[in-house]
Amino acid sequence: MTDDNAPVRFDTKIAVLLRDDLETWQRLNVTAFLVSGLGTQVPEVIGEPYADADDTPYLPMFRQPVMVFAGSKEILTGAHAKAVSRGVTLSVFTSDLFATGHDEANRAAVRAVRRDGMDLAGLAVHGPRNAVDKILKGASMHP
């Protein structure tokens with residue numbers, strides 16, 4: 001007999017790393033932006049659509065938890081370098097994006113800065129569990 005409510009251990013991990021000096025509204029905004037692209041590039045992380053008992057349809061969501069971490073600017077910079085070198089699926093949010101007002105301006109702001117000069121506010125990664133754990137070394141679970 002199987003327990004349908006038993007926790008599942010996934011081989012992959014979705015994680016967000018936020019700079020620890022962000023305001024609360026910034027942390028929420030950055031997290032939402034960072035994870036928004038994952039399903040477009042890694043469709044297997046998206047589950048089936050939802051419906052309530054009245055058959056009201058709802059959008060599908062991630063099949064697995066999203067772990068949220070916090071760390072210093074230095075930890076974030078190091079995690080970014082590790083993520084790039086390991087070739088995991090990666091999204092970034094730079095501090096410049098707080099001053100932009102739309103998607104095209106966001107992309108232009110990221111494009112204007114070399115990778116090693118980015119003022120990162122956060123990043124999201126998806127990849128093998130062990131690789132993501134190594135990328136996030138030194139970060140702590142978000143309070």
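**Helix packing and salt bridges**

Analyst: The buried residues of α1 (buried: under 20% relative accessible area, 1.4 Å probe, protein chains only) pack against β1 (12-19), α2 (38-41), β4 (66-71), β5 (89-94) and β6 (120-128); contact means heavy atoms within 4.5 Å. This is a predicted model, where local features need pLDDT of at least 70, side-chain atom pairs count only at pLDDT 80 or more, and totals for chains, interfaces and linings use all residues. Residues are numbered from 1 along each chain as its sequence is written, and side-chain values use heavy atoms, without hydrogens and water.

User: Which are the buried residues of α1?

Analyst: They are Q26, R27, V30, T31, L34 and V35. Seen down the axis of α1, they fall within an arc of 140° (taken from the directions from the helix axis to the C-beta atoms), so they line one face of the helix.

User: And what does the face turned away carry?

Analyst: That face of α1 carries the exposed residues W25, L28 and S36; exposed means over 50% relative accessible area, and partly exposed lies between the two cut-offs.

User: New topic: how many salt bridges are there?

Analyst: The count comes to 5, where a salt bridge is a side-chain nitrogen of Lys or Arg within 4 Å of a carboxyl oxygen of Asp or Glu. One of them joins K73 and D119 at 3.4 Å, N to O. K73 lies in helix α3 and D119 in the loop between α4 and β6, so the pair ties together parts that are 46 residues apart in sequence.

User: Which residues are linked with that pair in a network?

Analyst: R19 and D21 are linked with K73 and D119 in a network of salt bridges.

Terms used:
Helix = DSSP H or I, 4+ residues; strand = E, 2+ residues; numbered from the N terminus.
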